[in-house]
Amino acid sequence: MRSSLSAFTLFRPESPLRNAAGIFLLTTLFYFIGAELRLVEALSLFWPLNGVMAGVFARYAFLNRLHYYAVSYVAMLVYDAVTTSWGVASLVINLSNMVFIITVALLVLRDKQLMRKTPDPINALRLFNYCLIAALLCALLGAVGSVGIDSQTFWPLFADWFSEQFSTGVLILPCMLTVRMPERMRPLEPRLEHLFPVLALIVSVMASVVIGGAGSLAFPLPALIWCAVRYSLPVTCLLTFVTGAVEIILVANSIINIAVATPLSTPMMFSARLGIATMAICPVMVSVSVAAINSLIQQVSLRADYDFLTHVYSRSGLYEALKREETHRHTRFLTVMLLDIDYFKNINDNYGHECGDRVLSSFARQVQEVVGEEGLVARMGGEEFAVVVNSGDAQKGFELAERIRISIANHPFTWQQQTLFITVSIGLGSGKSESWQLTDVFNKLMAEADEYLYRSKKEGRNRTRARLPDNLKMAESQDGASQV
C-alpha cells in the first residue's frame, strides 16, 4: 500500500512551510465540521478532527515534529478564540485533542518501525487498542477542562468524551491509514451482483430505522462483513466509516430509537457510540485478514510459477501458462526449445556457485530479451532452460533458436574482472497443435527437443539441432566462442 496520496498530497518532506500551512488548514476545517455538529447535552455529536489529524501524523512520519504538532494546537486555539468564549478552558480542551492525536500517531509509527505490517499500514486489533488508550487519556483531560463550560459533572462529561473519541477514532483512522489515489482509473464493474453487499448495507440501515431498539445498531454488521470479504481494505474501511457515522447521526436525532427502560441510567449516546465502535472494528479485522490471505496466496503462487533466481517461469509455472493458453481457441504451430549452458559445471567448480548463479540469471535475461513477447521462457532445472513459441513453421523456430545461440555467444559474462565466454547447445521440436491439445503436444515436442539437444552436445556443443523438412535448409551452426 502506498504511503502517500500520489502527486496530489498536501505534504512533502522538503516543504516545511507547505506542511505547516496544510496542517493549519486541515485542523481548522475539521474543527469547523465538529463544531457545527455540537449538541446541547454533549460537546459534539461527531468529532472528526482528532481521528483525521492522528491519521495524517501517523501516515506521514516526517510530520512528527514538535513544531508541526504546535501548528495544529495553535489552529485549534485560534478557532476557539474567534468562535467561543471559553478562555483558559480552551487551552485544556484542545490539549486533550492533541493528547489523542499524538498518542495514536506515535503508537502507529512505533508499529511501522517494528515492521508490523499485516497488511501495511495497519493491524486492526492493535489500532482498536490504540484508540481505546488515546480516548481514555483524552477524556480524562477533556472532562476536566469542560466542567467549567458545561452544566454536567465530571463523570457524565468523561463518558461523553470517551465514547465520542473512541467511536470516531475507530471509524476514521482505518480510512486515513488505507486511503490512496488510484494510479489509473479502472472501468467500473458492470455486473449488478458486485453491488449486492452495498445494497444489503443500505437495506440493513433502513431496517435499523424501521425496527429500532438497541439491537438495531448491529443490523449492518453482516452486510459490512460481506463487504469486507468482497471489497478491498480501503473500500471496506470507507463503507464502515460511512455506516457508523450515519448511525450516530440517526441515533442522535432519534430517527433510530434505541431508548429502553433499564435499571441503569446509562446515557443513550454513550451506549450507542460504544456499540457502534465495537461493531465497526469487526469488518475491518475481517478485511485485514482477507487481504493478508490474498497476499499470501499471491506470494505462494508467484514462487510456484516463477524461478526465484532467474525470474523466468519455473517448470510448474510453464505448464500453468500453457493451460491458460488452452482457453484461446485457435490452431498454432509450436516450436519447443531445450537449452543447456555448455560446461556449466566447470563454472561452478572454477569460480564458485555465486558466479554460477549470476551466470544463470544473466543467461535467462539474455534469452528473454531475444524471445521478447513471442514466447515463454522457463528454467526446467539446473542449467537447462526451455523456450516455447508459436513460430508459424519449423524454419522460423530454428532461426529464432540460432538468434538465441549467437546472442549468448556474443555477450560474454564478466566476473571479478574476468571475462567468461558462455555458449549454449539447443535442441528443437516442432509441430502443429490445437488449443485443447497444447499441453499434450508440448510434452511430445519436449521429448523430441531433448533428443536433438543430446545430438547437439554430442556433436561438439554450441550448436542447434532439429528435425526440419527436406525442402528447407538447416543452417549449420559453428563453434563461434571459446569454451569455459
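Helices H1 and H3 cross in a right-handed sense, in what is, please keep in mind, a predicted model. H1 covers residues 16-36 and H3 residues 66-83, and the two pack with their axes 9 Å apart at an angle of about 40°. Angles under 35 degrees would count as roughly parallel, so at this angle H1 and H3 are oblique to each other. If you follow H1 through the contact, you will meet Pro16, Asn19, Ala20, Ile23, Phe24, Thr27, Thr28, Tyr31, Phe32 and Ala35, while H3 contributes Tyr68, Val71, Ser72, Ala75, Met76, Tyr79 and Asp80. By class, this contact of H1 with H3 holds twelve nonpolar residues, four polar ones and one charged residue.

Now let us turn to another pair of helices. H11, residues 315-325, and H15, residues 438-458, have axes that come within 9 Å and cross at roughly 135°. The roughly antiparallel class begins over 145 degrees, and H11 and H15 are therefore oblique to each other. On the H11 side the contact is made by Leu318, Tyr319, Leu322, Lys323 and Glu325, and on the H15 side by Leu438, Thr439, Phe442 and Asn443. Sorted by class, the residues joining H11 with H15 are five nonpolar, two polar and two charged.

Helix H9 is worth a look of its own. Its 20 residues, 233-252, should span 28 Å at 1.5 Å a residue, and because the end C-alpha atoms are 29 Å apart, the two values agree. Buried positions in H9 include Leu233, Leu239, Ile248, Leu250 and Val251. Thr236, Thr240, Thr243 and Glu247 are also among the buried residues of H9, as are Cys237, Gly244 and Ala245. Just after H9 you will find serine 254, which takes a positive phi of about 60°.

Next, a single side chain to pick out: asparagine 50, placed in helix H2, residues 48-59. Its relative accessible area is 0%, and since buried means under 20%, asparagine 50 counts as buried. Leaving aside residues up to four places away in sequence, asparagine 50 touches Asn97, Phe100, Ile101, Cys138 and Gln165.

Finally, step back to the whole chain. The secondary structure of the protein comes to 15 helices and seven strands. Of its 484 residues, 47% count as buried. Among contacts with a separation of 6 or more, 72% join residues 24 or more positions apart.

Note on methods
Residues are numbered from 1 along each chain as its sequence is written. This is a predicted model: local features need pLDDT of at least 70, side-chain atom pairs count only at pLDDT 80 or more; totals for chains, interfaces and linings use all residues. Side-chain values use heavy atoms; hydrogens and water are left out. Helices (H or I, at least four residues) and strands (E, at least two) are DSSP runs, numbered from the N terminus. The expected span of a helix is 1.5 Å times one less than its number of residues. Buried means under 20% relative accessible area, exposed over 50%, partly exposed in between (1.4 Å probe, protein chains only). Axes are lines fitted to C-alpha atoms, for helices over the stretch in contact, and angles run from 0 to 180 degrees between N-to-C directions. Angles under 35 degrees count as roughly parallel, over 145 as roughly antiparallel, 65 to 115 as roughly perpendicular and the rest as oblique. Contact means heavy atoms within 4.5 Å. Ala, Val, Leu, Ile, Met, Phe, Trp, Tyr, Cys and Pro count as nonpolar, Asp, Glu, Lys and Arg as charged, and the others, Gly among them, as polar. A crossing is left-handed if the near helix is turned anticlockwise from the far one by less than a right angle, and right-handed if clockwise.
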